[in-house]
Amino acid sequence: MTAVVWLHGDSLSPTDPALEGVPDAPALFVFDRPFLQSCEVAFPRLAFMYQGVRDVAALRPVEVVVGGIGEELAAFAVRHGASELHVTRNFTPQWELTLTDFERRCPGVEVLVYEPDRLTTFQGTVKRFFGFWKKVEAEVLGGNALYAAPRGHKPPGQDRH
């Protein structure tokens, strides 16, 4: 078994489940040229992705390329003689299309999908981020509020004297 790992924009963490699943496998991150040319991606988002890749690359080898993801991923798998592609699930239609493209290009490579870590048990719909954040903040931060209560307000349960 020869494994490779596909890192995508939502899996850029040293603790990504696919990376942890095969700690010695080479990893690939592709700056998706067709996507980047089709929409305006702000420089801070690109810098954030670069920093994520850099954080992972500080701990293990990661190849970074610019191109079409399916094509670059298939070439990477072939170069490494891969029989398995490990990736953490992403919930975008583009992710599914990329895997379909990869499987068409590399039919002999088994795709193993890892489930992403959940930050919260929240199951409702999200209409506005701040409302969602108020519901999950304590769970996500382990009971430590990120934002202090506004001046003149006390947390619930504390009476003014």
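Helix 4 (residues 69–79) buries Ile69, Gly70, Leu73, Ala74, Phe76 and Ala77. Viewed down the axis of helix 4, these buried residues fall within an arc of 160 degrees, so they line one face of the helix. The model is predicted.

**Nonpolar cores**
- The largest nonpolar core has 19 residues. Trp6, Leu85, Leu99 and Phe102 touch the most other members.
- At least two residues of this core come from each of strand 1, strand 2, helix 4, strand 4 and helix 5.
- Helix 4 gives the most to this core, with five residues.
- Leu85 has contacts beyond four places in sequence with Val4, Val5, Trp6, Leu73, Leu99, Phe102, Val109, Glu110, Val111 and Leu112.
- Another core, of 15 residues, lies apart from the largest one. Its members include Val5, Leu12, Met49 and Val62.
- In soluble globular proteins, nonpolar side chains tend to be buried together.

- Asp32 sits in strand 2 (residues 27–32).
- Asp32 is buried but has no salt bridge. The nearest side chain of opposite charge is Arg33, 8.2 Å away. A salt bridge needs a side-chain nitrogen of Lys or Arg within 4 Å of a carboxyl oxygen.
- Leaving out residues up to four places away in sequence, Asp32 touches Gly67, Gly68 and Ile69. Ile69 is one of the buried residues of helix 4.

Notes. Residues are numbered from 1 along each chain as its sequence is written. This is a predicted model: local features need pLDDT of at least 70, side-chain atom pairs count only at pLDDT 80 or more; totals for chains, interfaces and linings use all residues. Side-chain values use heavy atoms; hydrogens and water are left out. Helices (H or I, at least four residues) and strands (E, at least two) are DSSP runs, numbered from the N terminus. Buried means under 20% relative accessible area, exposed over 50%, partly exposed in between (1.4 Å probe, protein chains only). Lys and Arg count as positive and Asp and Glu as negative; His and the chain ends are not counted. Contact means heavy atoms within 4.5 Å. The arc is that of the directions from the helix axis to the C-beta atoms. A nonpolar core is a set of buried Ala, Val, Leu, Ile, Met, Phe, Trp, Tyr and Cys residues joined through side-chain atoms within 4.5 Å.
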